[in-house]
Amino acid sequence: MNWTKNIIIICMVLLGFNIQAQPIQVRMPDTTATIGDFIDIPIYVDNSVTGLNVFSYQFKIYFNSARLNFISTDVSGTMSQTWGTPTTNAVGNYLYIANAGGSALAGTGKLLYMRFQCITSGASYLNFDGGTSNNYFNEGSPEMSFDNGYITIYALPTIMVSPNSGLLAIGEQLQFNVSGGTAPYTWDVTNPSVANINASGLLTATSHGLTKVSCLDDNGIYDETDNYIEIRAMQLTIPDTSEWQGGTIAIPIYTTSLTGLNILSGEIGITFNGNILTSTGYDIKGTLLEAYSYIDFNNTVPGVIDFAFAGTTSLTGSGVLLYLLFDISSINTGGTWLSFNEALFNESLLAKTDNGYFTMITYSPIYITPNTWTMMAGESKQFVASGGVPPYNWSTTDPVVATIDGAGILTAHQSGVIQVIVTDNVGTIKYSGNVTVYDCYVTLPHVNASLGSQYDMPVLISAFPAGQTVYGIQGSISCEAPELEILDIITTGTLTAGWTFAKNIVGNTITFAGAGTVPITTSGAMFKVRFQLTPDLTDGENAWVNINDIVLNEGFPVPTLQNGSITGYGGIILNLTANLQGPFNGTDMNTDLNPWLIPNNQPYNTSPWSYGGSESFGAVPNGDVVDWVLVELRETAGGAATAIPATMIAQQAALILKNGNIVGTDGISNLVFGVTVFDNLYAIVWHRNHIGIMSSVPLVIGGGIYSYDFTTSLGQAYLNGQTSLGGGEYGMYAGDADGSGEVHQDDIDNVWTPAAGKNGYYQGDMDMNSDVNNQDKNNVWLPNVGESSDVPD
């Protein structure tokens with residue numbers, strides 16, 4: 001064995017291995033303590049130092065001086081006992097330790113003890129600060145390695161009694177609890193003449209006076225309430241009550257037993273909300289005070305009652321001391337506390353008090369929906385009442401402006417601001433917010449126009465109340481510059497033809513004033529503003545046009561204003577004409593949906609059309625508009641049969657007039673499409689409850705405009721896909737209520753039936769007179785059953 005060991009050592013030397021001992025680990029352990037403890041923390045030497053000639057050491061120890069206070073060192077029973085007490089110096093969070101001896105240290109174990117006092121709860125690291133720079137044996141050899149320590153300091157064990165105070169009347173009980181400590185607990189009171197407390201901490205008040213409550217745990221830890229438990233001789237209580245608005249109520253004041261207390265007098269004060277209750281007096285009949293002749297009752301201050309009583313016979317027993325009488329407000333609603341501000345008996349005995357709450361019972365409030373609204377003269381709006389006690393009576397604050405019927409349908413007559421009034425069956429009244437009525441719209445359209453062209457934008461007025469006329473107009477209009485340039489006011493072909501206008505153009509604004517002897521009495525284009533589309537307006541760019549102000553006559557009728565815009569396109573212009581069978585009357589088409597039922601936004605954004613265009617108007621531009629249509633263009637090098645959906649190059653929602661003309665949202669202009677055509681161009685007209693048609697031949701351009709008239713012959717529609725309307729007129733088949741391209745049973749089952757009996761803008765209204773009824777089914781749909789679209793698909 002010795003031979004093997006010697007061989008290993010020789011090999012290690014030859015190979016350059018260092019056979020010196022590894023670093024000596026010094027260590028401080030983790031530990032715990034409690035505030036106030038004195039604790040000895042050892043520094044351990046974990047590796048043997050025998051034979052390493054250790055004659056001295058030095059340490060720099062970090063500790064948290066907010067948690068620990070250094071006391072001393074001790075070497076009794078340690079490896080360095082023979083060296084004597086080390087030199088120490090504690091500065092802030094650092095402890096410097098040094099020692100030396102005449103004999104070398106040997107073995108492992110505790111090198112020394114550091115004594116600290118724990119001064120606050122928390123924790124502290126115990127670190128060999130600076131590593132081998134500040135902590136070493138001899139002059140650094142053998143080298144040290146370090147294992148730092150950590151001490152956790154706990155707070156002193158305590159118990160806590162709760163609640164810390166209390167107010168009771170004789171006979172009442174209060175449960176006390178204790179947290180912390182070790183069970184079992186011993187409970188006690190400091191004044192057993194006024195209360196006692198059982199083993200579970202339940203205190204019972206036996207006499208008026210003061211006491212504290214204490215508790216002792218099994219380890220002798222003690223706590224006592226900081227404040228007194230006050231016990232009063234009696235308790236006064238006002239119960240919670242409720243009663244109907246506008247009525248009366250007697251509210252009792254209850255007392256616990258007064259027997260044996262020799263009560264001969266008392267003073268009581270109570271406050272409450274005088275907007276809810278009004279004190280009218282008191283009643284002592286059948287109460288403890290019934291036999292007392294002296295009662296001084298003061299209720300002159302709203303919301304305050306003060307009363308005093310006195311007698312020669314002591315009060316005994318418990319129950320109602322007296323009743324307080326009140327009137328309940330018929331105007332205000334809500335509730336109120338009735339709170340004691342004084343309760344004193346025999347001039348020295350305070351009573352414990354328990355306040356009460358009064359709740360006014362009111363009928364359910366009435367709600368009006370909508371609460372506010374804006375509408376046009378001639379329009380109707382359904383208002384709905386809820387709450388209260390039905391049935392309701394409806395009225396308005398100004399029937400000249402608007403009236404409302406028994407079903408809550410408000411009809412506007414002329415401009416003004418009113419409120420809707422609802423009165424329920426018990427007389428509760430509710431006013432809505434403001435309902436603002438305008439006489440008419442004055443609007444500018446959102447239109448397309450050819451780049452570089454001049455465009456006459458109509459200033460449109462909607463229908464206004466019968467009997468009103470317009471004989472004068474003044475205002476101003478601005479546009480986006482430099483994209484648009486204002487040139488002039490045009491009256492030719494408008495409602496102001498023959499009027500005299502004064503105008504002034506400054507920059508991008510035209511100010512105008514016009515008057516005439518022939519007044520405006522109907523809806524339409526009042527006049528036009530001529531714009532030049534400048535080279536700054538690029539293809540597809542939108543330029544705004546705004547009405548700054550418009551005054552009609554001297555301020556009446558009152559309009560609401562809506563702005564418009566011009567979008568420039570470098571494409572084609574389309575002049576298109578078609579008829580709808582449903583509203584056709586033998587000469588032209590009826591306009592029964594105009595003006596209130598035609599929607600302001602194009603209706604083809606749903607299936608099956610799913611068109612995403614934003615065409616809209618502020619008000620129907622004139623009285624000739626029948627409805628919205630959707631125009632589609634297809635381009636193909638072949639014949640009509642090849643104009644399939646894949647050849648579509650553009651779509652646009654437009655308005656169809658009663659004479660069949662299909663125009664833009666200004667109600668006047670031909671359609672402008674931002675496309676370029678190289679091959680054969682076909683036009684398709686779709687409608688929400690008519691079968692679509694396509695031109696049978698390519699459109700021909702003339703004078704820069706593509707024109708096509710479907711109304712002149714059956715063959716104008718591809719494959720004769722329309723019907724004769726009589727009198728040499730032709731038009732689109734009605735009855736395709738679901739837009740499927742076929743007149744079939746689903747139109748009735750899925751569209752007509754759910755809307756039957758309704759009035760409005762419905763696809764089931766196939767004759768387009770605003771009513772969904774049997775005439776739509778029998779006179780329009782039934783004769784066309786089986787007809788289907790010939791538009792290539």
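Lys and Arg count here as positive and Asp and Glu as negative, while His and the chain ends are not counted. The place of a charge is NZ of Lys, CZ of Arg, CG of Asp or CD of Glu. On that basis the protein has 20 positive and 67 negative side chains. The centres of the two sets lie 11 Å apart.

This is a predicted model, in which local features need pLDDT of at least 70 and side-chain atom pairs count only at pLDDT 80 or more, while totals for chains, interfaces and linings use all residues. Residues are numbered from 1 along each chain as its sequence is written, and side-chain values use heavy atoms, with hydrogens and water left out.

Now the overall build. The protein has three helices and 66 strands. Both are DSSP runs numbered from the N terminus: helices are H or I with at least four residues, strands E with at least two. The radius of gyration, taken over C-alpha atoms, is 50 Å, well over the 28 Å that the globule rule (2.2 Å times the number of residues to the power 0.38) gives for 793 residues, so the protein is more spread out than a compact globule. The C-alpha trace spans about 135 × 120 × 60 Å along its principal axes.

Of the 793 residues, 44% are buried, meaning under 20% relative accessible area with a 1.4 Å probe, protein chains only.

Strand β6 (residues 87-91) pairs with strand β7 (residues 94-100) in the antiparallel sense, over five bridges. Pairing requires at least two DSSP bridges between two strands. Thr-87 stands opposite Ala-98 in β7. Two residues lie between the strands, and Gly-92 takes a positive phi near 60° in this hairpin.

Technical notes: Buried < 20%, exposed > 50% of the residue type's maximum accessible area, 1.4 Å probe, protein only.
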